[in-house]
Amino acid sequence: MNCNIHIFCRKAVSTFKRKKLYGPDEIPLLVFKDGLNAIESQVLKIFNLIMKKGSVPKGWKTAKLQPILKKGDPSKIENYRPISNLNSISKAYERCLLNRLTLDTEGLNQHGFKSGHSTITAALEIQSALAERIDQGLHCLVYSMDLSAAFDLIRPDIFYSKIRKGGNLPIQLCYLLLDMITERKAYVEIDGDRSPSVEFRVGCPQGSTLGPNIFNLYCEDLIRALKDVLLVSYADDSYVIVSDNSMEGLLRKTKDTIDRHLLWLRSNGMVCNVSKTELMVMNFQEYLVIEVDQNIIQSSKSMRVLGLTFDSALEWTTQVDNCVAKSNRMLHGLKHIKKGLNQNQVKQVITAYFFSVLMYGCGVWFHRHLFFHLKQRVRASQYRALRLVYGKQRTRDEINVMAARATPDEWADYSIAKMSAKIANSMMPCRLHVDLMLNSFVERRHPHLLLFYDSSCRKIGRQSIKNRLTIVAKQMKFDWFSYNISPDLLRIRLKHSFFSYSRFQ
(Lines give C-alpha, C1' and ligand atoms only; values in the text may rest on other atoms or scores of the structure.)
Protein backbone atom coordinates (compact mmCIF):
# COMPACT_ATOMS: atom_id res chain seq x y z
CA MET A 1 0.00 0.00 0.00
CA ASN A 2 2.96 2.35 0.64
CA CYS A 3 3.84 2.62 -3.04
CA ASN A 4 0.25 3.49 -3.93
CA ILE A 5 -0.52 5.74 -0.95
CA HIS A 6 -0.46 8.87 -3.12
CA ILE A 7 -2.94 7.39 -5.62
CA PHE A 8 -5.18 6.03 -2.85
CA CYS A 9 -5.18 9.40 -1.06
CA ARG A 10 -6.12 11.34 -4.18
CA LYS A 11 -8.83 8.85 -5.05
CA ALA A 12 -10.16 8.91 -1.50
CA VAL A 13 -10.43 12.68 -1.20
CA SER A 14 -11.97 13.02 -4.66
CA THR A 15 -15.00 11.01 -3.48
CA PHE A 16 -15.71 13.34 -0.54
CA LYS A 17 -18.79 15.52 -0.71
CA ARG A 18 -18.37 19.21 0.00
CA LYS A 19 -19.89 19.14 3.47
CA LYS A 20 -19.55 21.75 6.19
CA LEU A 21 -19.94 19.24 9.03
CA TYR A 22 -16.83 18.64 11.09
CA GLY A 23 -15.58 16.38 13.86
CA PRO A 24 -13.43 17.09 16.95
CA ASP A 25 -10.73 18.69 14.76
CA GLU A 26 -13.26 21.36 13.61
CA ILE A 27 -12.03 21.06 10.01
CA PRO A 28 -14.95 20.66 7.56
CA LEU A 29 -14.52 18.16 4.73
CA LEU A 30 -14.78 20.88 2.08
CA VAL A 31 -11.83 22.74 3.64
CA PHE A 32 -9.74 19.58 3.78
CA LYS A 33 -10.62 18.72 0.18
CA ASP A 34 -9.92 22.20 -1.22
CA GLY A 35 -6.65 22.53 0.71
CA LEU A 36 -5.24 19.09 -0.05
CA ASN A 37 -2.64 20.41 -2.52
CA ALA A 38 -1.04 22.52 0.20
CA ILE A 39 -0.91 19.79 2.87
CA GLU A 40 -0.66 16.63 0.76
CA SER A 41 3.01 15.93 1.52
CA GLN A 42 2.41 16.13 5.27
CA VAL A 43 -0.73 13.98 5.02
CA LEU A 44 1.21 11.30 3.14
CA LYS A 45 3.93 11.30 5.81
CA ILE A 46 1.30 10.70 8.48
CA PHE A 47 -0.31 7.91 6.47
CA ASN A 48 3.04 6.16 5.87
CA LEU A 49 3.97 6.48 9.54
CA ILE A 50 0.66 4.89 10.53
CA MET A 51 1.35 1.92 8.26
CA LYS A 52 4.80 1.46 9.80
CA LYS A 53 3.56 1.64 13.40
CA GLY A 54 0.35 -0.31 12.78
CA SER A 55 -1.78 2.11 14.81
CA VAL A 56 -3.65 5.36 14.30
CA PRO A 57 -3.34 8.52 16.46
CA LYS A 58 -5.51 8.38 19.57
CA GLY A 59 -7.08 11.71 18.63
CA TRP A 60 -8.62 10.03 15.58
CA LYS A 61 -10.51 7.61 17.82
CA THR A 62 -12.69 10.31 19.36
CA ALA A 63 -16.01 11.05 17.69
CA LYS A 64 -18.51 13.86 18.05
CA LEU A 65 -21.92 12.22 18.18
CA GLN A 66 -24.95 13.69 16.50
CA PRO A 67 -28.26 12.09 17.60
CA ILE A 68 -30.57 11.51 14.63
CA LEU A 69 -34.22 10.65 15.29
CA LYS A 70 -35.08 7.28 13.73
CA LYS A 71 -38.78 7.05 14.58
CA GLY A 72 -41.23 7.42 17.42
CA ASP A 73 -41.36 9.85 20.31
CA PRO A 74 -38.53 12.47 20.07
CA SER A 75 -38.48 12.79 23.87
CA LYS A 76 -37.22 9.19 24.26
CA ILE A 77 -33.49 8.69 23.89
CA GLU A 78 -33.80 5.11 22.58
CA ASN A 79 -35.47 6.47 19.43
CA TYR A 80 -32.27 8.22 18.31
CA ARG A 81 -29.41 6.85 16.21
CA PRO A 82 -25.91 8.11 17.17
CA ILE A 83 -24.08 9.30 14.04
CA SER A 84 -20.34 9.86 14.50
CA ASN A 85 -18.66 12.96 13.07
CA LEU A 86 -14.95 12.12 12.77
CA ASN A 87 -11.82 14.09 11.95
CA SER A 88 -11.47 14.90 8.26
CA ILE A 89 -7.98 13.42 7.95
CA SER A 90 -9.09 10.18 9.61
CA LYS A 91 -11.92 9.90 7.08
CA ALA A 92 -9.38 10.26 4.26
CA TYR A 93 -7.23 7.51 5.73
CA GLU A 94 -10.23 5.24 6.26
CA ARG A 95 -11.17 5.76 2.63
CA CYS A 96 -7.67 4.66 1.60
CA LEU A 97 -8.08 1.49 3.62
CA LEU A 98 -11.54 1.00 2.14
CA ASN A 99 -10.04 0.95 -1.36
CA ARG A 100 -7.66 -1.76 -0.17
CA LEU A 101 -10.43 -3.78 1.51
CA THR A 102 -12.48 -3.61 -1.68
CA LEU A 103 -9.64 -5.39 -3.45
CA ASP A 104 -9.18 -8.05 -0.76
CA THR A 105 -12.70 -9.00 0.37
CA GLU A 106 -15.82 -10.37 -1.32
CA GLY A 107 -18.92 -11.65 0.46
CA LEU A 108 -21.37 -13.44 -1.82
CA ASN A 109 -24.40 -12.98 0.40
CA GLN A 110 -23.89 -9.30 1.29
CA HIS A 111 -25.46 -6.60 -0.91
CA GLY A 112 -24.85 -3.62 1.38
CA PHE A 113 -22.04 -1.08 0.94
CA LYS A 114 -20.62 -2.78 -2.15
CA SER A 115 -20.19 -1.56 -5.71
CA GLY A 116 -22.73 -3.03 -8.11
CA HIS A 117 -25.03 -4.02 -5.24
CA SER A 118 -28.14 -2.37 -3.81
CA THR A 119 -31.42 -3.06 -2.05
CA ILE A 120 -32.89 -3.86 -5.47
CA THR A 121 -30.26 -6.50 -6.31
CA ALA A 122 -30.88 -8.07 -2.90
CA ALA A 123 -34.67 -8.10 -3.42
CA LEU A 124 -34.21 -9.44 -6.95
CA GLU A 125 -32.06 -12.31 -5.69
CA ILE A 126 -34.70 -13.19 -3.08
CA GLN A 127 -37.49 -13.06 -5.66
CA SER A 128 -35.56 -15.22 -8.16
CA ALA A 129 -34.65 -17.78 -5.51
CA LEU A 130 -38.24 -18.09 -4.28
CA ALA A 131 -39.67 -18.32 -7.81
CA GLU A 132 -37.19 -21.03 -8.82
CA ARG A 133 -37.83 -23.15 -5.72
CA ILE A 134 -41.60 -22.96 -6.07
CA ASP A 135 -41.26 -23.70 -9.79
CA GLN A 136 -39.34 -26.88 -8.89
CA GLY A 137 -42.18 -28.02 -6.65
CA LEU A 138 -40.34 -27.41 -3.38
CA HIS A 139 -41.92 -26.15 -0.18
CA CYS A 140 -40.08 -23.01 0.89
CA LEU A 141 -40.21 -20.07 3.25
CA VAL A 142 -38.26 -16.93 4.03
CA TYR A 143 -37.57 -15.41 7.44
CA SER A 144 -35.79 -12.31 8.68
CA MET A 145 -34.11 -11.56 12.01
CA ASP A 146 -34.57 -8.26 13.86
CA LEU A 147 -31.19 -7.15 15.26
CA SER A 148 -30.75 -4.45 17.89
CA ALA A 149 -27.87 -1.95 17.44
CA ALA A 150 -25.83 -4.35 15.27
CA PHE A 151 -22.97 -1.92 14.52
CA ASP A 152 -22.67 -0.95 18.19
CA LEU A 153 -22.09 -4.56 19.32
CA ILE A 154 -19.06 -5.55 17.22
CA ARG A 155 -16.48 -7.08 19.59
CA PRO A 156 -12.86 -6.20 18.67
CA ASP A 157 -11.39 -9.50 19.89
CA ILE A 158 -13.89 -11.58 17.90
CA PHE A 159 -13.45 -9.36 14.86
CA TYR A 160 -9.67 -9.79 14.93
CA SER A 161 -9.90 -13.57 15.23
CA LYS A 162 -12.27 -13.67 12.24
CA ILE A 163 -10.07 -11.65 9.87
CA ARG A 164 -6.93 -13.54 10.94
CA LYS A 165 -8.64 -16.90 10.49
CA GLY A 166 -10.01 -15.84 7.10
CA GLY A 167 -6.52 -15.26 5.76
CA ASN A 168 -7.66 -12.77 3.11
CA LEU A 169 -5.97 -9.73 4.68
CA PRO A 170 -2.26 -9.09 5.40
CA ILE A 171 -1.30 -9.32 9.08
CA GLN A 172 -0.30 -5.64 9.12
CA LEU A 173 -3.75 -4.61 7.89
CA CYS A 174 -5.42 -6.88 10.48
CA TYR A 175 -3.52 -5.16 13.31
CA LEU A 176 -4.45 -1.76 11.94
CA LEU A 177 -8.17 -2.57 11.66
CA LEU A 178 -8.15 -3.93 15.21
CA ASP A 179 -6.49 -0.77 16.48
CA MET A 180 -9.07 1.43 14.73
CA ILE A 181 -12.02 -0.09 16.61
CA THR A 182 -10.43 -0.35 20.07
CA GLU A 183 -10.22 2.33 22.77
CA ARG A 184 -12.69 4.53 20.94
CA LYS A 185 -14.25 7.53 22.67
CA ALA A 186 -17.19 9.79 21.91
CA TYR A 187 -19.02 12.80 23.23
CA VAL A 188 -22.29 14.51 22.37
CA GLU A 189 -22.42 18.19 21.46
CA ILE A 190 -25.75 20.02 21.07
CA ASP A 191 -26.01 23.79 20.62
CA GLY A 192 -22.49 24.31 21.96
CA ASP A 193 -23.00 22.20 25.09
CA ARG A 194 -20.61 19.25 25.24
CA SER A 195 -20.90 16.10 27.31
CA PRO A 196 -17.91 14.31 28.93
CA SER A 197 -16.11 11.79 26.69
CA VAL A 198 -17.10 8.15 27.17
CA GLU A 199 -14.97 5.17 26.15
CA PHE A 200 -16.57 2.32 24.20
CA ARG A 201 -15.18 -1.18 24.56
CA VAL A 202 -17.31 -2.63 21.76
CA GLY A 203 -18.88 -1.34 18.58
CA CYS A 204 -17.98 0.38 15.37
CA PRO A 205 -18.86 4.08 14.96
CA GLN A 206 -21.87 4.76 12.74
CA GLY A 207 -20.71 7.41 10.32
CA SER A 208 -17.28 5.87 9.90
CA THR A 209 -16.16 5.22 6.33
CA LEU A 210 -14.82 1.80 7.27
CA GLY A 211 -17.71 0.88 9.56
CA PRO A 212 -19.90 -0.89 6.96
CA ASN A 213 -16.99 -2.98 5.65
CA ILE A 214 -15.93 -3.93 9.16
CA PHE A 215 -19.49 -5.10 9.79
CA ASN A 216 -19.44 -7.11 6.54
CA LEU A 217 -16.20 -8.81 7.58
CA TYR A 218 -17.63 -9.51 11.00
CA CYS A 219 -20.68 -11.29 9.54
CA GLU A 220 -18.92 -13.02 6.64
CA ASP A 221 -18.92 -16.45 8.34
CA LEU A 222 -22.65 -16.42 9.11
CA ILE A 223 -23.44 -18.33 5.92
CA ARG A 224 -21.17 -21.17 7.07
CA ALA A 225 -23.10 -21.44 10.32
CA LEU A 226 -26.37 -21.85 8.40
CA LYS A 227 -26.31 -25.10 6.46
CA ASP A 228 -28.05 -25.80 3.14
CA VAL A 229 -30.00 -22.52 2.98
CA LEU A 230 -29.75 -19.27 1.00
CA LEU A 231 -28.72 -16.16 2.93
CA VAL A 232 -29.22 -12.70 1.41
CA SER A 233 -28.10 -9.69 3.46
CA TYR A 234 -28.21 -5.95 3.11
CA ALA A 235 -26.17 -4.37 5.93
CA ASP A 236 -27.70 -5.75 9.16
CA ASP A 237 -30.91 -6.94 7.44
CA SER A 238 -30.65 -10.68 6.80
CA TYR A 239 -33.15 -12.85 4.90
CA VAL A 240 -32.87 -16.64 4.94
CA ILE A 241 -34.63 -18.87 2.40
CA VAL A 242 -35.27 -22.47 3.49
CA SER A 243 -36.66 -25.15 1.17
CA ASP A 244 -37.49 -28.85 1.39
CA ASN A 245 -39.43 -31.56 -0.41
CA SER A 246 -42.06 -31.87 2.34
CA MET A 247 -43.78 -29.50 4.74
CA GLU A 248 -42.67 -31.59 7.72
CA GLY A 249 -39.07 -31.45 6.54
CA LEU A 250 -39.38 -27.71 5.93
CA LEU A 251 -40.64 -27.13 9.46
CA ARG A 252 -37.87 -29.23 11.00
CA LYS A 253 -35.18 -27.61 8.85
CA THR A 254 -36.44 -24.10 9.59
CA LYS A 255 -36.35 -24.61 13.35
CA ASP A 256 -32.83 -26.00 13.12
CA THR A 257 -31.71 -23.08 10.93
CA ILE A 258 -33.18 -20.47 13.28
CA ASP A 259 -31.48 -22.18 16.24
CA ARG A 260 -28.15 -22.07 14.40
CA HIS A 261 -28.76 -18.43 13.48
CA LEU A 262 -29.46 -17.45 17.09
CA LEU A 263 -26.44 -19.41 18.34
CA TRP A 264 -24.17 -17.54 15.91
CA LEU A 265 -25.62 -14.18 16.95
CA ARG A 266 -25.12 -14.86 20.65
CA SER A 267 -21.61 -16.24 20.26
CA ASN A 268 -20.69 -13.08 18.32
CA GLY A 269 -22.22 -10.66 20.82
CA MET A 270 -25.25 -9.72 18.74
CA VAL A 271 -28.70 -9.16 20.23
CA CYS A 272 -31.77 -10.47 18.40
CA ASN A 273 -35.38 -9.66 19.21
CA VAL A 274 -36.89 -13.08 18.51
CA SER A 275 -40.42 -11.78 19.09
CA LYS A 276 -40.00 -9.51 16.03
CA THR A 277 -38.68 -12.24 13.74
CA GLU A 278 -40.81 -12.41 10.59
CA LEU A 279 -41.58 -15.60 8.69
CA MET A 280 -43.51 -16.20 5.48
CA VAL A 281 -44.35 -19.60 3.99
CA MET A 282 -44.76 -19.57 0.23
CA ASN A 283 -48.02 -20.87 -1.26
CA PHE A 284 -49.30 -22.11 2.10
CA GLN A 285 -52.84 -21.14 3.05
CA GLU A 286 -52.60 -22.04 6.74
CA TYR A 287 -50.53 -20.30 9.38
CA LEU A 288 -47.32 -22.01 10.43
CA VAL A 289 -46.20 -21.74 14.06
CA ILE A 290 -42.63 -22.32 15.26
CA GLU A 291 -41.44 -22.17 18.86
CA VAL A 292 -37.96 -20.71 19.32
CA ASP A 293 -36.45 -19.88 22.72
CA GLN A 294 -39.86 -19.96 24.35
CA ASN A 295 -41.11 -17.46 21.74
CA ILE A 296 -43.87 -18.30 19.30
CA ILE A 297 -43.15 -17.25 15.72
CA GLN A 298 -46.24 -17.27 13.48
CA SER A 299 -46.03 -17.01 9.74
CA SER A 300 -47.66 -14.14 7.87
CA LYS A 301 -49.10 -13.75 4.39
CA SER A 302 -46.74 -10.92 3.48
CA MET A 303 -43.34 -9.55 4.50
CA ARG A 304 -41.51 -6.26 4.08
CA VAL A 305 -38.20 -6.82 2.31
CA LEU A 306 -35.99 -3.74 1.88
CA GLY A 307 -38.87 -1.39 1.08
CA LEU A 308 -40.87 -3.91 -0.98
CA THR A 309 -43.78 -6.07 0.19
CA PHE A 310 -43.49 -9.72 -0.78
CA ASP A 311 -46.63 -11.86 -0.50
CA SER A 312 -46.72 -15.63 -0.08
CA ALA A 313 -47.90 -16.23 -3.67
CA LEU A 314 -45.58 -13.66 -5.30
CA GLU A 315 -48.62 -11.98 -6.82
CA TRP A 316 -47.54 -8.51 -5.58
CA THR A 317 -51.06 -7.35 -4.78
CA THR A 318 -50.02 -5.85 -1.44
CA GLN A 319 -47.01 -4.13 -3.02
CA VAL A 320 -49.20 -2.48 -5.66
CA ASP A 321 -51.74 -1.47 -2.99
CA ASN A 322 -49.01 0.19 -0.93
CA CYS A 323 -47.17 2.05 -3.69
CA VAL A 324 -50.39 3.28 -5.36
CA ALA A 325 -51.86 4.44 -2.05
CA LYS A 326 -48.66 6.27 -1.01
CA SER A 327 -48.25 8.01 -4.35
CA ASN A 328 -51.92 8.95 -4.67
CA ARG A 329 -51.82 10.65 -1.27
CA MET A 330 -49.39 13.13 -2.80
CA LEU A 331 -51.77 14.25 -5.53
CA HIS A 332 -53.69 16.69 -3.33
CA GLY A 333 -50.48 18.45 -2.33
CA LEU A 334 -49.22 18.48 -5.91
CA LYS A 335 -52.38 20.29 -7.03
CA HIS A 336 -51.55 23.15 -4.67
CA ILE A 337 -47.81 23.18 -5.40
CA LYS A 338 -48.27 23.52 -9.16
CA LYS A 339 -49.96 26.91 -8.75
CA GLY A 340 -46.63 28.56 -7.95
CA LEU A 341 -44.45 26.59 -10.41
CA ASN A 342 -44.04 26.44 -14.15
CA GLN A 343 -44.72 23.28 -16.14
CA ASN A 344 -41.12 22.05 -16.15
CA GLN A 345 -40.78 22.55 -12.39
CA VAL A 346 -44.00 20.64 -11.70
CA LYS A 347 -42.71 17.80 -13.87
CA GLN A 348 -39.47 17.70 -11.86
CA VAL A 349 -41.34 17.61 -8.55
CA ILE A 350 -43.58 14.79 -9.75
CA THR A 351 -40.60 12.80 -11.02
CA ALA A 352 -38.61 13.28 -7.81
CA TYR A 353 -41.36 12.57 -5.30
CA PHE A 354 -44.33 10.86 -6.96
CA PHE A 355 -42.69 8.45 -9.40
CA SER A 356 -39.86 7.56 -7.01
CA VAL A 357 -42.54 6.10 -4.70
CA LEU A 358 -44.84 4.63 -7.34
CA MET A 359 -42.12 2.82 -9.32
CA TYR A 360 -39.63 2.00 -6.56
CA GLY A 361 -38.19 -1.45 -7.22
CA CYS A 362 -40.40 -1.93 -10.28
CA GLY A 363 -37.71 -4.13 -11.83
CA VAL A 364 -38.61 -6.68 -9.15
CA TRP A 365 -42.42 -6.61 -8.95
CA PHE A 366 -43.74 -5.02 -12.18
CA HIS A 367 -43.17 -7.73 -14.79
CA ARG A 368 -44.93 -9.06 -17.88
CA HIS A 369 -46.79 -11.74 -15.93
CA LEU A 370 -48.20 -9.39 -13.29
CA PHE A 371 -52.01 -9.50 -13.15
CA PHE A 372 -53.59 -7.14 -15.68
CA HIS A 373 -55.77 -5.33 -13.12
CA LEU A 374 -52.70 -4.57 -11.00
CA LYS A 375 -50.88 -3.13 -14.00
CA GLN A 376 -53.92 -0.99 -14.77
CA ARG A 377 -53.89 0.47 -11.26
CA VAL A 378 -50.25 1.53 -11.60
CA ARG A 379 -50.84 2.97 -15.08
CA ALA A 380 -53.88 4.93 -13.90
CA SER A 381 -51.92 6.38 -10.98
CA GLN A 382 -49.11 7.53 -13.29
CA TYR A 383 -51.43 9.33 -15.70
CA ARG A 384 -53.38 10.99 -12.88
CA ALA A 385 -50.15 12.70 -11.88
CA LEU A 386 -49.09 13.60 -15.44
CA ARG A 387 -52.48 15.15 -16.21
CA LEU A 388 -51.76 17.71 -13.50
CA VAL A 389 -49.03 18.95 -15.83
CA TYR A 390 -50.47 18.45 -19.31
CA GLY A 391 -54.21 18.71 -18.76
CA LYS A 392 -57.06 16.24 -18.29
CA GLN A 393 -58.08 16.32 -21.93
CA ARG A 394 -54.87 14.69 -23.19
CA THR A 395 -54.76 11.02 -24.18
CA ARG A 396 -52.16 8.72 -22.69
CA ASP A 397 -50.20 8.52 -25.97
CA GLU A 398 -50.11 12.32 -26.24
CA ILE A 399 -48.93 12.61 -22.64
CA ASN A 400 -46.16 10.05 -23.23
CA VAL A 401 -44.76 12.09 -26.13
CA MET A 402 -45.16 15.48 -24.44
CA ALA A 403 -43.75 14.32 -21.12
CA ALA A 404 -40.95 12.27 -22.75
CA ARG A 405 -41.65 9.63 -20.16
CA ALA A 406 -41.87 5.86 -20.39
CA THR A 407 -44.97 3.89 -19.48
CA PRO A 408 -44.78 1.66 -16.38
CA ASP A 409 -44.40 -1.41 -18.63
CA GLU A 410 -41.52 0.17 -20.53
CA TRP A 411 -39.85 1.43 -17.37
CA ALA A 412 -40.00 -2.01 -15.74
CA ASP A 413 -38.47 -3.71 -18.81
CA TYR A 414 -35.83 -0.99 -19.01
CA SER A 415 -34.97 -1.43 -15.33
CA ILE A 416 -34.51 -5.19 -15.51
CA ALA A 417 -32.56 -4.90 -18.78
CA LYS A 418 -30.23 -2.25 -17.34
CA MET A 419 -29.63 -4.27 -14.19
CA SER A 420 -29.04 -7.46 -16.17
CA ALA A 421 -26.51 -5.74 -18.43
CA LYS A 422 -24.61 -4.48 -15.39
CA ILE A 423 -24.70 -7.91 -13.76
CA ALA A 424 -23.50 -9.67 -16.92
CA ASN A 425 -20.66 -7.22 -17.59
CA SER A 426 -19.45 -6.56 -14.05
CA MET A 427 -20.10 -10.12 -12.75
CA MET A 428 -21.73 -8.63 -9.64
CA PRO A 429 -23.69 -9.73 -7.70
CA CYS A 430 -21.92 -13.03 -8.22
CA ARG A 431 -24.86 -15.39 -7.65
CA LEU A 432 -27.13 -13.48 -10.02
CA HIS A 433 -24.34 -13.38 -12.61
CA VAL A 434 -23.84 -17.16 -12.43
CA ASP A 435 -27.61 -17.66 -12.69
CA LEU A 436 -27.74 -15.55 -15.85
CA MET A 437 -24.73 -17.12 -17.53
CA LEU A 438 -25.91 -20.71 -16.94
CA ASN A 439 -29.21 -19.94 -18.66
CA SER A 440 -27.87 -17.98 -21.65
CA PHE A 441 -26.57 -18.69 -25.11
CA VAL A 442 -24.82 -16.62 -27.80
CA GLU A 443 -25.67 -16.42 -31.49
CA ARG A 444 -22.75 -17.10 -33.83
CA ARG A 445 -23.30 -13.98 -35.91
CA HIS A 446 -23.75 -11.71 -32.87
CA PRO A 447 -21.30 -12.79 -30.12
CA HIS A 448 -22.14 -9.76 -27.97
CA LEU A 449 -25.88 -10.50 -27.89
CA LEU A 450 -26.92 -12.84 -25.10
CA LEU A 451 -30.22 -14.68 -25.37
CA PHE A 452 -31.86 -16.72 -22.61
CA TYR A 453 -33.75 -19.98 -22.29
CA ASP A 454 -37.14 -20.10 -20.61
CA SER A 455 -36.59 -22.92 -18.13
CA SER A 456 -39.79 -22.34 -16.15
CA CYS A 457 -42.32 -25.12 -15.58
CA ARG A 458 -45.03 -22.93 -14.07
CA LYS A 459 -46.10 -19.34 -14.44
CA ILE A 460 -44.47 -18.33 -11.16
CA GLY A 461 -41.12 -19.59 -12.46
CA ARG A 462 -41.13 -16.82 -15.06
CA GLN A 463 -40.52 -14.30 -12.30
CA SER A 464 -36.95 -15.54 -12.04
CA ILE A 465 -34.60 -12.98 -13.55
CA LYS A 466 -33.15 -15.43 -16.09
CA ASN A 467 -36.62 -16.43 -17.35
CA ARG A 468 -37.83 -12.82 -17.52
CA LEU A 469 -34.95 -12.04 -19.87
CA THR A 470 -36.11 -14.49 -22.54
CA ILE A 471 -38.33 -11.71 -23.93
CA VAL A 472 -36.57 -8.59 -22.63
CA ALA A 473 -33.15 -9.50 -24.05
CA LYS A 474 -34.56 -9.77 -27.59
CA GLN A 475 -35.48 -6.08 -27.48
CA MET A 476 -31.86 -5.06 -26.93
CA LYS A 477 -30.66 -4.92 -30.52
CA PHE A 478 -27.17 -3.63 -29.71
CA ASP A 479 -23.96 -5.18 -28.36
CA TRP A 480 -24.89 -4.87 -24.70
CA PHE A 481 -22.77 -7.81 -23.55
CA SER A 482 -19.50 -5.93 -23.84
CA TYR A 483 -16.95 -4.81 -21.27
CA ASN A 484 -16.22 -1.70 -23.33
CA ILE A 485 -19.67 -0.14 -23.27
CA SER A 486 -19.90 2.89 -20.99
CA PRO A 487 -22.75 3.36 -18.50
CA ASP A 488 -23.94 6.50 -20.32
CA LEU A 489 -23.96 4.79 -23.72
CA LEU A 490 -25.72 1.76 -22.24
CA ARG A 491 -28.43 3.98 -20.76
CA ILE A 492 -28.99 5.81 -24.06
CA ARG A 493 -29.24 2.64 -26.11
CA LEU A 494 -31.55 1.00 -23.60
CA LYS A 495 -33.87 3.99 -23.76
CA HIS A 496 -34.03 3.72 -27.56
CA SER A 497 -34.72 -0.01 -27.21
CA PHE A 498 -37.55 0.23 -24.68
CA PHE A 499 -39.00 3.77 -24.58
CA SER A 500 -41.56 4.44 -27.30
CA TYR A 501 -41.37 8.25 -26.89
CA SER A 502 -37.65 8.21 -27.88
CA ARG A 503 -38.58 7.08 -31.40
CA PHE A 504 -40.35 10.40 -32.00
CA GLN A 505 -37.37 12.52 -30.94
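## Helix packing in a predicted protein chain

Of the 505 residues in the protein chain, 50% are buried (under 20% relative accessible area, with a 1.4 Å probe and protein chains only). This is a predicted model, in which local features need pLDDT of at least 70, side-chain atom pairs count only at pLDDT 80 or more, and totals for chains, interfaces and linings use all residues. Residues are numbered from 1 along each chain as its sequence is written, and side-chain values use heavy atoms, without hydrogens and water.

**The whole chain**

The protein chain has 20 helices and 15 strands. Both are DSSP runs numbered from the N terminus: helices are H or I with at least four residues, strands are E with at least two. The C-alpha trace spans about 65 × 60 × 60 Å along its principal axes. Contact means heavy atoms within 4.5 Å. Among contacts between residues at least 6 apart in sequence, 67% join residues at least 24 apart.

Two packed helices are described by the angle between their axes and the distance between the axes. Axes are lines fitted to C-alpha atoms, for helices over the stretch in contact, and angles run from 0 to 180 degrees between N-to-C directions.

| Pair | Angle | Axis distance |
|---|---|---|
| α17 (residues 408-426) and α19 (residues 465-472) | about 115 degrees | 11 Å |
| α6 (residues 156-166) and α8 (residues 211-218) | roughly 70 degrees | within 9 Å |
| α11 (residues 317-328) and α15 (residues 372-390) | roughly 10 degrees | within 10 Å |

Start with α11 and α15. Their axes cross at roughly 10 degrees, so α11 is roughly parallel to α15 (angles under 35 degrees; 65 to 115 count as roughly perpendicular). T317, V320, D321, V324, S327 and N328 of α11 make the contact with L374, R377, V378, S381 and R384 of α15. By class, this contact has four nonpolar, four polar and three charged residues. Nonpolar covers Ala, Val, Leu, Ile, Met, Phe, Trp, Tyr, Cys and Pro; charged covers Asp, Glu, Lys and Arg; the others, Gly among them, are polar.

Now take α6 and α8. Their axes cross at roughly 70 degrees, so the two helices are roughly perpendicular to each other. I158, F159, K162 and I163 of α6 meet I214, L217 and Y218 of α8. Here the count is six nonpolar, no polar and one charged residues.

The angle is about 115 degrees, which means α17 is roughly perpendicular to α19. In α17, D413, I416, A417, S420 and I423 meet I465, R468, L469 and V472 of α19. This contact has six nonpolar, one polar and two charged residues.

Note on methods: Parallel < 35°, antiparallel > 145°, perpendicular 65-115°, else oblique.
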